[in-house]
Amino acid sequence: MTTQQPTAPAVPAEQLPDVRRLIGFRAHGAARVVLEGHAALEDVEGSLHAGQAETAVLMAHELVHISLSVRSLATRGELSWPQGQVTFDPFAGLPAQEAADGERLAAAGTGLTGEAAEDWLRQLRDHLAESERRLGYPERLPYIRAGSGMFKAIGLVRTWSDHLEQLGLPGVLPGDWALPGD
Amino acid sequence: MSTAPPKTAFGTDTALRARLDAFLAARSFTFDDLLGEADQGHGEPLLAVAAGSVLAGFGTHRSDLDLLVLVDHGRITRMPITSHRFGTLIDVTVREAAAVRAVAAELATPDAASRWPQTDTVGSSGWNHHRRSLNTVSRLALGLPLKGAEPWRSWLEELRGPWLGDVLARWWVTESLRCRTAAGWLAGSNPRLARVRAREAALHALHARVTVGGEWYFNAKWLPEKLKAVGDEKALSQVRDLLAGDVPLAEAIGRADAALAEADRAAAGAGTATRSGAPGSWQAVVRWAPGVSTRPVDRGTVVDRWGMRALQSELSDLPPAPGTAAGGTSGGESGGEAVVWQGPLDEPPPPEVLRLFVHDMLWLGVAPQTGEVAA
């Protein structure tokens with residue numbers, strides 16, 4: 001009599017990223033959402049509700065680039081946040097359709113008012129939320145513009161700082177912050 | 001040089017105070033509450049200035065109020081201090097007064113040969129230092145002093161000179177040419193990114209024009225509101241087209257060139273020193289981007305960024321890159337000062353340099369060829 005070998009559940013086939021890429025994605029992606037994405041979304045919302053239609057679309061382009069750049073960190077995106085780097089590519093490694101859809105979403109705010117504008121704002125909010133979801137955090141990332149948010153954000157920085165240093169990767173705080181107050 | 005700033009450059013203290021009072025009243029925050037925020041444990045301020053988009057007249061219900069505080073010591077960092085008292089967001093920025101005064105003097109220098117941009121000051125460190133300087137000094141100049149004694153009150157008045165408009169307009173001219181150059185160099189390999197840069201080139205050129213026209217507030221996102229403030233409906237229509245994504249790359253570049261030419265004519269008419277001249281009178285200066293390391297190998301040089309992306313260049317005479325410092329910060333500025341290549345803006349770089357550029361291994365700076373802005 002033969003006994004059947006118990007079988008383990010199937011492990012989904014996946015290409016494993018380099019450890020630097022994996023840690024860089026989760027750490028820098030989170031920092032980018034918290035430090036840049038939330039502020040850009042607020043800018044769109046504020047301008048939209050103030051009747052600053054063109055400024056809202058200008059900031060929507062910025063927001064979508066931030067959001068797409070978070071997604072691109074999973075594969076080929078540049079880690080360091082690019083003050084002035086003209087070759088920083090927020091679309092690096094993303095499917096062409098995803099990049100095109102994002103740009104189309106930002107531009108779609110042109111001339112919108114009322115409920116159509118609110119719907120557009122919801123789509124922008126959902127775009128950033130999807131980028132955040134891909135980072136794989138069990139809870140929503142902190143909102144530093146609220147009272148307790150900065151404290152939680154500092155905790156997030158501490159979570160990753162040792163790993164980033166050991167791997168020779170840049171820290172998640174903006175370079176400006178470490179400078180003396182010149 | 002121009003003799004007086006344009007009328008629209010500065011709001012009167014009365015107008016600024018009215019905007020501030022409206023912001024505070026809407027949030028049940030008093031003027032004394034705001035003054036209290038100026039004390040962040042760094043000692044009695046030499047000067048405290050309310051600033052930002054709220055005072056500039058562009059602010060929305062989501063806008064913060066900026067509070068710039070100058071103190072007499074340097075035991076501070078640039079880490080932002082955000083106060084959430086009474087649910088109101090106030091961004092407090094503390095700086096050493098002597099350092100800010102030195103930075104302002106650097107911006108206001110009458111020595112044309114050292115005025116930004118120069119070949120040796122358009123690396124990532126120099127670019128970022130200039131950006132921070134413009135941000136701090138212009139906010140002080142355009143803001144409302146809340147507290148402060150002499151000589152700092154008089155010093156603040158001196159910031160409100162035509163030289164400030166010149167340096168601000170020169171920033172936008174330089175950025176437009178930088179983005180224009182990047183668009184051209186990227187067009188063959190990354191057309192989507194090239195279109196983004198071309199759009200930015202056109203927007204920055206319009207920003208140069210509206211800055212010469214007196215709208216000095218230093219923040220790219222408020223361009224449309226500045227155009228409304230000066231009643232430039234034609235430029236605003238161009239902004240709408242650019243943002244709607246309808247403008248092909250070559251046309252965006254054409255619009256940037258036209259806007260820079262208009263800014264030049266306006267600057268010449270106002271007697272200012274901000275003239276761009278033809279792109280051919282400028283040069284591109286490329287250096288290593290932050291985080292780049294180089295390793296000479298058998299056939300050329302292996303170039304990597306943060307040890308994550310790498311390519312092997314055929315070039316074996318490249319200057320060594322500084323590499324990555326452990327514990328460096330994101331967006332850090334240490335790309336190194338060695339020049340990898342420089343040449344006229346209207347000529348493409350050599351193929352191997354272009355390859356490094358499109359793979360985001362290089363920092364692009366631009367500067368006038370002679371060290372003076374060409375007429």
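This is a predicted model: local features need pLDDT of at least 70, side-chain atom pairs count only at pLDDT 80 or more; totals for chains, interfaces and linings use all residues.

Residues are numbered from 1 along each chain as its sequence is written, chains are lettered from A and ligands numbered from 1 in the order in which they are written, and side-chain values use heavy atoms, leaving out hydrogens and water.

Ser28(B) sits in the loop between helix H1 (13–26) and helix H2 (31–37) of chain B. It isn't a glycine, yet its phi is positive, about 55 degrees.

Then the prolines. The bond from Trp116(B) to Pro117(B) is cis, omega near 5 degrees, and Pro117(B) is in the loop between H4 and H5 of chain B. The bond from Glu150(B) to Pro151(B) is cis too, with omega near 5 degrees; look for Pro151(B) in the loop between strand E5 (144–148) and helix H6 (152–159) of chain B.

Now, helix packing. Two packed helices are described by the angle between their axes and the distance between the axes. Here the axes are lines fitted to C-alpha atoms, for helices over the stretch in contact, and angles run from 0 to 180 degrees between N-to-C directions. Under 35 degrees counts as roughly parallel, over 145 as roughly antiparallel, 65 to 115 as roughly perpendicular, and the rest as oblique.

So how do H4 and H5 of chain B cross? Their axes come within 10 Å and cross at roughly 105 degrees, which makes H4(B) roughly perpendicular to H5(B). On the H4(B) side you have Val100(B), Val103(B), Ala104(B), Glu106(B) and Leu107(B), and they meet residues of H5(B) including His129(B), His130(B) and Leu140(B). Contact there means heavy atoms within 4.5 Å. By class, that's 7 nonpolar, 4 polar and 1 charged residues. For the classes, Ala, Val, Leu, Ile, Met, Phe, Trp, Tyr, Cys and Pro are nonpolar, Asp, Glu, Lys and Arg are charged, and the others, Gly among them, are polar.

Further along, helix H7 (residues 162–186) and helix H8 (residues 191–212) of chain B pack at about 160 degrees, axes 7 Å apart. H7(B) and H8(B) are therefore roughly antiparallel. Their contact divides into 16 nonpolar, 5 polar and 4 charged residues.

Over to chain A, with 5 helices and 1 strand, reading α-α-α-α-α-β along the sequence. Its C-alpha atoms fill a box of roughly 80 × 45 × 35 Å along the principal axes. Helix H1 (residues 19–49) and helix H2 (residues 53–72) of chain A have axes that come within 8 Å and cross at roughly 165 degrees, so H1(A) and H2(A) are roughly antiparallel. In that contact we get 12 nonpolar, 6 polar and 5 charged residues.

Before I stop, which residues lie nearest the centre of the largest pocket? Arg76(A), Asp89(A), Ala92(A), Asn190(B) and Val358(B). Its lining divides into 11 nonpolar, 6 polar and 6 charged residues. A pocket, on a 1 Å grid over the protein atoms alone, is an open set of points where a 1.4 Å probe fits, with protein on both sides within 12 Å along at least five of seven lines, and lining residues have an atom within 4 Å of a point.

Conventions. Helices (H or I, at least four residues) and strands (E, at least two) are DSSP runs, numbered from the N terminus.
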